[in-house]
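Open the model in your viewer and keep the selection tool at hand. The stops below say what to select next and what is there.

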Amino acid sequence: MELLQFYGASEGFLRGVIRDTFLDHVWVNAYLEEKTHGFLHGDRVRKGSKKLLGKLTDDERQKLTLEGEEFDGASPFTSACAVVEICSLLHDGGRFDERGEQTEESNKMHHIIGADRAVEFCKSLGLDAIIPYVDNTILCHDFQSPTDTPSLDSPSYMIGSVVQSSDQMGWMHPGSVERTVQYSLVVNRPIFDPTVLIEDRIGWQPFVGDALDALTVLLKQLYGNTGPDRFGVEAARTKVERYKPQIRAGIVALSDREGFRQELDEIMQVYDNLSV
Ligand SMILES: [Fe+2]
Ligand SMILES: [Fe+2]
């Protein structure tokens, strides 16, 4: 298959290629249907990546073009964009175990399983030249900072930075407050648990253990790293910085609604003092 067929491809085409490639695997059905980490999420990240690709700085564009030259001398930039789209789509494809279930183990290992599956995808389509980029991008897509995600490395390529930035922006969106609250209700996690110690909130690392309450996650969103480590694309950094006041207002509104405003003010004061 031609790499450029993946540039701006339709959802139907992509679903079809994924289904055909992994026909013998039960997990692919779950991946295609599931809404939080399945195809729909991958496609949302793909759309976000496409937006970022249109806003790259000259320097970022040049880096991406140089990477594209490694596998397509004729249209390097467009081909690199196609690789970004493939990686975006498949980045969380490892969240489902062979039976199609999301388990603690599969979620913890999803970057490794996802990279293996994406490599298999490329091999079966004859796209071997892009494998090093796809492999590294998916292995590193959840990197946030050396302290927040100590078991992960930062992406080695601009291709990976675009995918990582687009995926991470989902955490830093004004709508992410409501999404976190909804997810907490689904997994039976309290919105605010007054017994959670402040040091446990501050020290919580995404992907290592479940947060004890939704507020821990929300404060991680608000006070989390927004630097180049996590958002390797400048346009993404600018955008998430602009979202911060809205996320803050969303958390305050939630505390008013749920009756923990006073506690929130005290907790935020500790966080504010830490970040100056
Ligand atoms: Fe992920
Ligand atoms: Fe993701």
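Colour the two domains separately: the centres of domain 1 and domain 2, taken over C-alpha atoms, are 27 Å apart. Domain 1 covers 3-165 and domain 2 covers 176-275, with bounds that come from an automatic or database domain assignment. This is a predicted model, in which local features need pLDDT of at least 70 and side-chain atom pairs count only at pLDDT 80 or more, while totals for chains, interfaces and linings use all residues. Residues are numbered from 1 along each chain as its sequence is written, and chains are lettered from A and ligands numbered from 1 in the order in which they are written.

Next, select the place where the domains touch. Here 17 residues of domain 1 are in contact with 13 residues of domain 2; contact requires C-beta atoms, placed from the backbone, to lie within 7 Å. On the domain 1 side, helix α9 (residues 158-169) gives the largest share, 4 residues. Helices here are DSSP runs (H or I, at least four residues), numbered from the N terminus. That side of domain 1 consists of 4 nonpolar, 8 polar and 5 charged residues. Ala, Val, Leu, Ile, Met, Phe, Trp, Tyr, Cys and Pro count as nonpolar, Asp, Glu, Lys and Arg as charged, and the others, Gly among them, as polar.

Now select α7 (residues 110-124) and α8 (residues 131-139). Their axes, which are lines fitted to C-alpha atoms over the stretch in contact, lie 8 Å apart at an angle of about 160°. The two helices are therefore roughly antiparallel, a term for angles over 145 degrees. Show side chains at the contact: the residues of α7 there include H111, A115 and C122, and those of α8 include I131, D135 and L139. By class, this contact has 9 nonpolar, 2 polar and 1 charged residues.

Move on to helix α12 (residues 214-223). How many of its 10 residues are buried? The count is 9, where buried means 20 or more other C-beta atoms within 10 Å of the residue's own, and exposed means 12 or fewer. Among the buried ones are A214, K220 and L222. The buried residues of α12 pack against α10 (176-186), α11 (198-203), α13 (234-258) and α14 (261-275).

The last stop is N188, in the loop between α10 and α11. Although N188 is not a glycine, its phi is positive, about 60°. N188 is exposed, with 6 other C-beta atoms within 10 Å. Most residues other than glycine have a negative phi.

Definitions and conventions. Axes are lines fitted to C-alpha atoms, for helices over the stretch in contact, and angles run from 0 to 180 degrees between N-to-C directions. Angles under 35 degrees count as roughly parallel, over 145 as roughly antiparallel, 65 to 115 as roughly perpendicular and the rest as oblique. Two residues are in contact if their C-beta atoms, placed from the backbone, lie within 7 Å.
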